[in-house]
Structures are given as C-alpha cells and as structure tokens.
Amino acid sequence: MRFDKSIVEIIEKRTSRRTYVPKLLNEDVRKRVSKLINVKELRTPFSDKAGKCRFGLISMPEFDPKEKKKLGTYGIIKGAQEFIVGAVEKSDYMKEHFGYLMEGIILAATDMELGTCWLGGFFNRTLFSEKISASSNEILPAISPIGYSDKRRPKEVIIRQFIKADNRHQWDRLFYEEDFFTPLSSDLNEGIITMLKMVQKGPSSGNQQPWRIIKERERNVYHFYSKRSEGIYQSFYPLDIGIATCHWDLTSHELGIKGEWEIDPPNIPGSENLDYKISWKQK
Ligand SMILES: Cc1cc2nc3c(=O)[nH]c(=O)nc-3n(C[C@H](O)[C@H](O)[C@H](O)COP(=O)(O)O)c2cc1C
C-alpha cells in the first residue's frame with residue numbers, strides 16, 4: 001500500500017467521521033479507491049493463519065429505496081453515499097487479518113482526505129452481505145462509510161463525548177516490561193517510542209483500547225496481548241488488535257526499523273486475564 005504523506009502524519013490525522021456531504025465520490029477518486037481496496041496481493045502478520053479477505057465499494061444508488069431505509073446505521077452515519085464493505089473467510093485470526101487490511105484502506109483514504117468510520121456493530125449485516133455476495137464461509141466483520149466528510153453535527157459530537165473518543169489510556173496502562181506489573185520505561189529507541197505511540201493513537205471499538213504490549217527484558221521482543229471482557233465490545237477486540245499491528249508495522253517500515261512477526265506464546269507473569277496474540281522481534 002502506498003501513501004503520499006508520512007504514515008505517522010496520517011495516523012495522527014485519522015479520526016472517525018460520521019457526517020458526510022451527500023455526494024458520490026468523483027470518478028477519479030472512485031478509481032483510486034477501487035484500486036486500493038484490491039488487497040489480493042497484500043500480506044499481514046496473520047496471513048498464514050487466516051482465510052482470504054476481500055473488499056468492495058458499494059454506492060447508495062445500488063440500494064433500492066426500501067433498502068436505503070434499512071442500512072441499519074441507526075442515524076449514526078449521515079449523508080454517506082458510499083461504503084467499503086469487507087468479507088473474510090472463516091478461519092483462525094480472520095478478524096485480526098481483516099482488521100489489519102481494513103485499517104490500511106482507512107489510512108489510505110485518510111491520505112486522500114476522505115472521511116471514514118469503522119462500523120462493527122451498527123449496520124445491517126444481511127443487507128451488506130447480499131451486496132457483496134458473501135458466501136456462507138465468509139463473515140462481514142465491519143464496514144466503513146467513505147466520502148467527503150462534513151462538519152460534525154451535534155449528535156456526532158455527543159457520541160464522541162460519550163465514548164471519550166479524543167482520549168487514549170496513558171502509556172503505563174498499555175505498555176509493560178518483563179511482567180504485567182511493571183510499566184514500560186520510556187528509555188527506549190526513539191523509533192520504537194513512535195511505533196508504540198502510533199498503536200496508542202489507533203481507533204478501537206467503543207474506544208476500548210484493548211491492546212497491551214509487553215517488552216522482554218534486555219531483548220527487543222514485543223508481545224501483543226488483548227484485554228479480555230465479557231462486554232459488548234469483546235467480539236471486536238481481534239479487529240482492534242489487527243489495527244494495532246497495522247499501525248506498528250507501517251510505522252516500523254517507514255522508520256526503517258526491521259523486525260519479524262511470529263505467533264509463539266511466551267510465559268509472562270500477570271498475563272492470566274489477557275489473550276496472547278502475536279510477537280514482534282527486532283532484527
Ligand atoms: C472495530 C471497530 C468497530 C467500531 N464500531 C463502531 C460502530 O459500530 N459505531 C460507531 O459509531 N463507531 C464505531 N467505531 C469507532 C470508534 O468508536 C472510534 O474509533 C473510537 O471512538 C475512537 O475515535 P476516533 O476513531 O475518532 O479516533 C468502531 C471502531 C473500531 C476500531
């Protein structure tokens with residue numbers, strides 16, 4: 001995936017947009033978006049353990065008037081005329097893989113000055129599944145409107161205040177060293193600090209920020225874990241982890257910091273209430 005601006009700048013700029021100018025994408029932009037949603041050749045740290053993923057661009061004119069009333073976005077999204085809809089084959093790590101790829105598309109859209117908003121819960125899955133001709137072996141983890149965002153309307157401002165969308169947990173609640181009782185010291189290579197900050201800045205369902213990263217002592221190995229909960233957001237956490245690894249990976253490439261991913265659960269004290277996901281070893 002290619003970006004015109006720096007990925008750090010794009011990640012810092014991206015924010016969910018729920019209010020749109022009711023206008024279709026212009027032809028040139030539409031062509032670029034159609035290209036960027038073609039993810040056939042793209043790999044993620046989860047590719048080897050996940051099924052195939054694909055995305056489509058669905059426009060409002062493709063819905064008949066009855067369907068338009070049943071998009072199921074419950075008035076949260078206003079004015080959007082186009083949606084990115086993705087499907088992934090049922091498999092281990094399907095949501096992490098999907099999350100990584102969809103976030104790549106969202107960042108590329110941000111680079112093109114387009115508005116987006118991850119929608120994991122509030123959309124009519126049956127209707128959008130039909131539009132993308134999903135098979136019974138595929139799931140639709142999320143969609144996103146894509147278009148020209150408009151000034152945030154009061155309802156959107158209230159939603160953001162309710163989920164504290166502009167806030168993120170402090171570093172010491174997200175990042176650890178050696179065990180999950182010791183916050184990670186900030187005495188680290190500047191590039192790694194930037195990579196951690198880009199994870200911290202990521203979007204997550206309900207702004208839950210389930211990602212936890214732990215560094216091994218005296219080794220540049222970082223293990224990614226997910227918080228566990230019984231709540232309504234639990235099923236979206238694997239998507240959030242995919243997003244976190246996407247931000248980490250793209251930032252490391254931009255900064256020229258090499259590493260490799262592997263899935264090999266370590267034995268870390270204090271990790272009993274967390275789910276291990278993946279590790280990154282600096283080369
Ligand atoms: C996997 C996922 C699912 C989400 N689902 C919804 C949703 O159903 N409805 C919604 O309004 N926002 C949804 N969001 C957007 C989050 O609320 C938003 O990312 C978070 O509050 C942080 O705000 P920001 O994106 O502006 O940084 C979702 C985000 C993610 C990552």
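**Reading helices, sheets and domains in a predicted model**

Trainee: Which residues are buried in helix H8 (residues 190-200)?

Mentor: Ile192, Met195, Leu196, Met198, Val199 and Gln200 of H8 are buried. Keep in mind that this is a predicted model. Now the general idea. An α-helix has 3.6 residues a turn, so residues three or four places apart point the same way. Read the buried list of H8 with that in mind: Ile192, Met195 and Met198 are among its members, and so are Leu196, Val199 and Gln200.

Trainee: Against which elements do the buried residues of H8 pack?

Mentor: The partners are H1, helix H7 (171-174), strand S6 (175-177), strand S8 (211-215) and helix H9 (237-255).

Trainee: On to sheets. What is the order of the strands in the open sheet of 6 strands?

Mentor: General idea first. Strands of a sheet pair through backbone hydrogen bonds, either parallel or antiparallel. Here the order is S7-S6-S8-S9-S11-S10, and the pairing is mixed.

Trainee: Which strands stand at the edges?

Mentor: Strand S7 (179-183) and S10 do. Each has a single partner strand, so one side of each has no neighbour in the sheet. On average, neighbouring strands of this sheet are turned by 35° against each other, direction ignored.

Trainee: Which strand pairs with S6 in the parallel sense, and over how many bridges?

Mentor: S8 does, over 3 bridges.

Trainee: How many bridges join strand S9 (residues 221-227) to strand S11 (residues 274-282)?

Mentor: There are 7, and the two strands run antiparallel. Phe224 has Ile278 of S11 as its bridge partner. S11 also pairs with strand S10 (residues 259-262), in the antiparallel sense, over 4 bridges. There, Trp261 stands opposite Trp280 in S11.

Trainee: Now strand S5 (residues 143-147). How many of its residues are buried?

Mentor: 5 of its 5 residues are buried. In a regular strand the side chains alternate between the two faces of the sheet. In S5, Ile143, Pro145 and Gly147 point one way, while Ser144 and Ile146 point the other way. Both sets are buried.

Trainee: Which strand do 3 bridges join to S5?

Mentor: That is S2, running antiparallel to S5. Val85 has Ile143 of S5 as its bridge partner. Strand S3 (residues 115-116) is joined to S5 by 2 bridges, again with antiparallel strands. Here Gly115 stands opposite Gly147 in S5.

Trainee: Why is Tyr93 classed as buried?

Mentor: Tyr93 counts as buried because 24 other C-beta atoms lie within 10 Å, and the cut-off is 20 or more. Compare Ser133, with a positive phi near 50° in a residue other than glycine. Ser133 lies in the loop between helix H5 (125-131) and strand S4 (138-139). It has 9 C-beta neighbours inside 10 Å, so Ser133 counts as exposed.

Trainee: Where is Lys5 placed?

Mentor: Lys5 is in the segment before H1. With 13 other C-beta atoms within 10 Å, Lys5 is partly exposed. Leaving out residues up to four places away in sequence, Lys5 touches Ile10 and Asp111. Lys5 and Arg153 are 148 residues apart in sequence, and their C-alpha atoms are 28 Å apart in space.

Trainee: Zoom out. Into which domains is the protein divided?

Mentor: Domain 1 (7-153) and domain 2 (171-282). Their C-alpha centres lie 25 Å apart. At the contact, 19 residues of domain 1 meet 23 residues of domain 2. On the domain 1 side, helix H1 (7-13) and helix H4 (94-111) are the elements that give two or more residues. H4 gives the largest share, 8 residues. By class, this side has 9 nonpolar, 5 polar and 5 charged residues.

Trainee: Last one. Which residues come nearest to the ligand?

Mentor: Of the 21 residues around the ligand, Ser16, Trp118, Gly120, Ala165 and Pro203 come nearest. The shell has 12 nonpolar, 8 polar and 1 charged residues. Domain 1 and domain 2 each give at least three residues to this shell.

Key: Residues are numbered from 1 along each chain as its sequence is written. This is a predicted model: local features need pLDDT of at least 70, side-chain atom pairs count only at pLDDT 80 or more; totals for chains, interfaces and linings use all residues. Domain bounds come from an automatic or database domain assignment. Two residues are in contact if their C-beta atoms, placed from the backbone, lie within 7 Å. Ala, Val, Leu, Ile, Met, Phe, Trp, Tyr, Cys and Pro count as nonpolar, Asp, Glu, Lys and Arg as charged, and the others, Gly among them, as polar. A residue is near a molecule or strand if its C-beta atom, placed from the backbone, lies within 6 Å of it. A residue is buried if 20 or more other C-beta atoms lie within 10 Å of its own, exposed if 12 or fewer, and partly exposed in between; C-beta atoms are placed from the backbone. Two strands pair if DSSP finds at least two bridges between them. Axes are lines fitted to C-alpha atoms, for helices over the stretch in contact, and angles run from 0 to 180 degrees between N-to-C directions.
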